Amino acid sequence: MLPAGFIQDNWSRYMHPSLYKALLTIALTFIFLAGLVLPFQRTGSAEFVVSIFSIILLLIFIILITIEYRIQMKAALSVRE
């Protein structure tokens, strides 16, 4: 059941491209910020490990978002044809 004012159509299962752009922008911003403080942290400290871990997770997130975007765009193009 959909909330009032919403309709179910064939395009509702796809995310809007601007949402993908926003997710990628946020992820790249956090990667930049984590990389910016990385040279000022001692190697092996807890902060250094957290920064490396966050960069790795954000890179995985970007890869997954990109894969999902490509899959949805292929599906959207095949539906239009």
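The questions below go from the whole chain to single residues.

Trainee: What kind of model is this, and how many helices and strands does the chain have?
Mentor: This is a predicted model. Helix 1 covers residues 17-37, and helix 2 covers residues 46-80. The count for the chain is two helices and zero strands.

Trainee: What share of the residues counts as buried?
Mentor: A residue counts as buried when its relative accessible area is under 20%. The chain has 81 residues, and the share that counts as buried is 17%.

Trainee: Among contacts between residues at least 6 apart in sequence, what share joins residues at least 24 apart?
Mentor: A contact here means heavy atoms within 4.5 Å. Leu-23 gives one case, touching Phe-61, and these two residues are 38 apart along the chain. For the chain, the share is 66%.

Trainee: Which geometry does the aromatic pair have, stacked or edge-to-face?
Mentor: The structure holds one aromatic pair. The rings belong to Tyr-20 and Tyr-69, with centres 4.8 Å apart. Planes over 60 degrees apart count as edge-to-face. The planes here are at 70°, so the pair is edge-to-face.

Trainee: How many residues apart in sequence are the parts that the aromatic pair ties together?
Mentor: The pair is Tyr-20 with Tyr-69, edge-to-face because the planes of the rings are at 70°. Tyr-20 belongs to helix 1 and Tyr-69 to helix 2, so the parts tied together are apart in sequence by 49 residues.

Trainee: Which residues does Leu-23 touch, not counting residues up to four places away in sequence?
Mentor: Leu-23 lies in helix 1 and is partly exposed, at 25% relative accessibility. Its C-alpha atom is 9.3 Å from that of Phe-61. The residues touched by Leu-23 are Phe-61 and Ile-65.

Trainee: Where does Ser-45 lie, and which backbone oxygen does its side chain reach?
Mentor: Ser-45 sits in the loop between helix 1 and helix 2. With 9% relative accessibility, Ser-45 counts as buried. Its side chain makes a polar contact of 3.3 Å with the side chain of Glu-47. The backbone oxygen reached by the side chain of Ser-45, at 2.8 Å, is that of Arg-42.

Trainee: Is Ser-51 buried or exposed, and which residues is Ser-51 in contact with beyond its neighbours within four places in sequence?
Mentor: Ser-51 is part of helix 2. At 7% relative accessibility, Ser-51 is buried. Its contacts are Ala-34, Val-37, Leu-38 and Gln-41.

Trainee: How far apart in space are Phe-48 and Leu-38, C-alpha to C-alpha?
Mentor: Phe-48 is in helix 2 and touches Leu-38, Gln-41, Arg-42 and Thr-43, leaving out residues up to four places away in sequence. Phe-48 and Leu-38 are ten residues apart in sequence, and their C-alpha separation is 6.6 Å.

Trainee: What accessible area do the residues of the nonpolar surface patch have together?
Mentor: Patch residues need over 30% relative accessible area. Phe-53, in helix 2, is exposed at 51%. The patch is formed by Ile-52, Phe-53, Ile-56, Leu-57, Ile-60, Ile-63, Leu-64, Ile-67 and Ile-71, and their accessible area together is about 830 Å².

Definitions and conventions:
Residues are numbered from 1 along each chain as its sequence is written. This is a predicted model: local features need pLDDT of at least 70, side-chain atom pairs count only at pLDDT 80 or more; totals for chains, interfaces and linings use all residues. Side-chain values use heavy atoms; hydrogens and water are left out. Patches are made of residues with over 30% relative accessible area and no salt bridge: like charges are joined within 9 Å, nonpolar side chains (Val, Leu, Ile, Met, Phe, Trp, Tyr) within 5 Å. Accessible areas come from the Shrake-Rupley method with a 1.4 Å probe; for residues, only the protein chains shown count as cover. A salt bridge is a side-chain nitrogen of Lys or Arg within 4 Å of a carboxyl oxygen of Asp or Glu. Buried means under 20% relative accessible area, exposed over 50%, partly exposed in between (1.4 Å probe, protein chains only). A polar contact is a pair of N or O atoms within 3.5 Å; within protein, one must be able to donate a hydrogen and the other to accept it, and residues adjacent in sequence count only if both atoms are side-chain atoms. Rings of Phe, Tyr and Trp (its six-membered ring) pair if their centres lie within 6.5 Å; planes under 30 degrees apart count as stacked, over 60 as edge-to-face and the rest as tilted.
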